[in-house]
Amino acid sequence: MPRIVLGVAGGIAAYKAVEILRALTESGHDVTVVPTAAALEFVGAPTWAALSGKSVRTSVWDDVEQVPHVKLGQTADLVLVAPATADLIARATHGIADDLLTNILLTAHCPIVMAPAMHTEMWQHPATQRNVAELRARGVIVLEPASGRLTGADTGPGRLPDPTAIVAAARDALRRTPSADLSGLRVLITAGGTRESIDPVRFIGNHSSGKQGFELARTAVARGAQVTVIAAHVDAEPPAGIGLIRVSSGSEMHAEVTRLLPEVDVVVMAAAIADFRSDEVLGAKLKKAETPENVSLVLVPTTDILATIVQARVGERPFIVGFAAETGDTAATVIDHGRAKLARKGCDLLVVNDVSPGKAFGSDDNEIVIMGKGREVAVSRASKAAISDAIWDAVLAGFPSR
Ligand code: CTP
């Protein structure tokens, strides 16, 4: 049974850790809860003891004969801190060991996942940002906080990520023990299908669900990367621990990709971007009664973002991964189309998908070929999570100077 230490720091979001504890114990994990003294001001020791089935210790002076400050860290398979406050993050960064939880963080050999929760100002403060960057550089998986309503009337980034998503991130970290092989990498992923307006109610869109993009993000977080997702229209819940930017059209996506490009090491263009848009977007709804029977739309091409960023790149960074949605035809197979597209787009890797009816869109599994300059790897039908891990393996294998 995997052993998890659930560290709870002193923030109002401590009550949400109760739900995390229940989910972990009910799914067969052995959980020892280690609250800080401040956390006990929010949720009392009896709650943690009853739900974990274990006595609750906060100080290194409790049950000293069992040496818990060393044993718990050494024997854990995962340390999950939720919520991680600005103070706890600061103490962990600087190796301060003034209570049981911070002692455990110094003795743990296992993966450590932190789910921050604090006010926006505290999260954005340079001290916290420096501490988070330092922890990530050491391989700690620090999830991005969610955005939304905070304790008072204010809103912004700083909310504890959704408890279900935190549990998923903890499971991912356990599955990959002990590897955080993407740590230190800043990754930008585009996901979902763009929409190009025709009039205020109609648009040109596509069948992309965005699931593959979100799985890529979730698996990258689990492997220690710092992940930003630019999401167009997506039919899935975003994973915990990412920076999320929502867009709708191809031009909005292009603007965001261009803005973030100088700050990232890897770009994965998993979005399905409409190749055409209507040459004119009507300001008022096109009325049936006022239009002739046959209406023609004039379509003009959108910017090819992938080709544009490849051309604009100076040197080897960022490493750029494109996707190709292909169907075979009488003239060429899916693989032939993929090879031609790799040559045309000039990216470092191309993930080729067969999108013949019923194959990839909206489905939970997929089958791909990863093409790079001079090599091709076929990944047979597997979950989108396993496919994502294969893509990150290929990125690591092809990544310059790592
Ligand atoms: N892409 C892009 N900008 C566009 C269209 C596509 O950046 N305007 C990116 C996609 O995110 C994907 C890759 O280009 O990574 C390939 O997309 P795909 O639709 O398969 O290729 P196209 O360039 O549209 O080529 P074709 O329609 O001829 O297959």
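Predicted model: local features only at pLDDT ≥ 70, side-chain atom pairs only at ≥ 80, totals over all residues.
Residues are numbered from 1 along each chain as its sequence is written, and side-chain values use heavy atoms, leaving out hydrogens and water.

You will find Ile-12 in the loop between β1 (3-8) and α1 (14-26); helices (H or I, at least four residues) and strands (E, at least two) are DSSP runs, numbered from the N terminus. Together with Tyr-15 and Phe-42, Ile-12 makes a nonpolar surface patch of about 330 Å². Members of such a patch have over 30% relative accessible area and no salt bridge, and nonpolar side chains are joined within 5 Å.

Let us turn to the ligand. There are 17 residues around the ligand, and Asp-275, Leu-306, Phe-323, Lys-341 and Lys-345 come nearest; a residue belongs to the surroundings if one of its heavy atoms lies within 4 Å. Oxygen atoms of the ligand lie 2.7 Å from a backbone N or O atom of Met-269 and 3.0 Å from a backbone N or O atom of Ala-325. Lys-341 brings a side-chain N or O atom to 2.6 Å from an oxygen atom of the ligand. On its own the ligand has 580 Å² of accessible area, and the protein covers 79% of that, with areas taken from the Shrake-Rupley method and a 1.4 Å probe.

Next, look at β6 (residues 146-149) and β7 (residues 155-159), which pair in the antiparallel sense over four bridges; pairing requires that DSSP finds at least two bridges between the strands. These two strands form a hairpin with five residues between them, and Arg-149 has Thr-155 in β7 as its bridge partner.

Asp-199 sits in the loop between β9 (196-197) and β10 (203-204). Its relative accessible area is 2%, so Asp-199 is buried. Asp-199 and Lys-285 are 86 residues apart in sequence, yet their C-alpha atoms are 5.5 Å apart in space.

Finally, two prolines deserve a glance. A cis peptide bond with omega of about -5° joins Ala-82 and Pro-83, and Pro-83 is in strand β3 (residues 78-84). The bond from Arg-317 to Pro-318 is also cis, with omega near -5°; Pro-318 lies in the loop between α12 (305-312) and β16 (319-326).

Note on methods:
Patch = residues over 30% accessible without salt bridge, like charges linked within 9 Å, V, L, I, M, F, W, Y side chains within 5 Å. Salt bridge = Lys/Arg side-chain N within 4 Å of Asp/Glu carboxyl O. Polar contact = N/O pair within 3.5 Å; in protein donor to acceptor, adjacent residues only side chain to side chain. Buried < 20%, exposed > 50% of the residue type's maximum accessible area, 1.4 Å probe, protein only.
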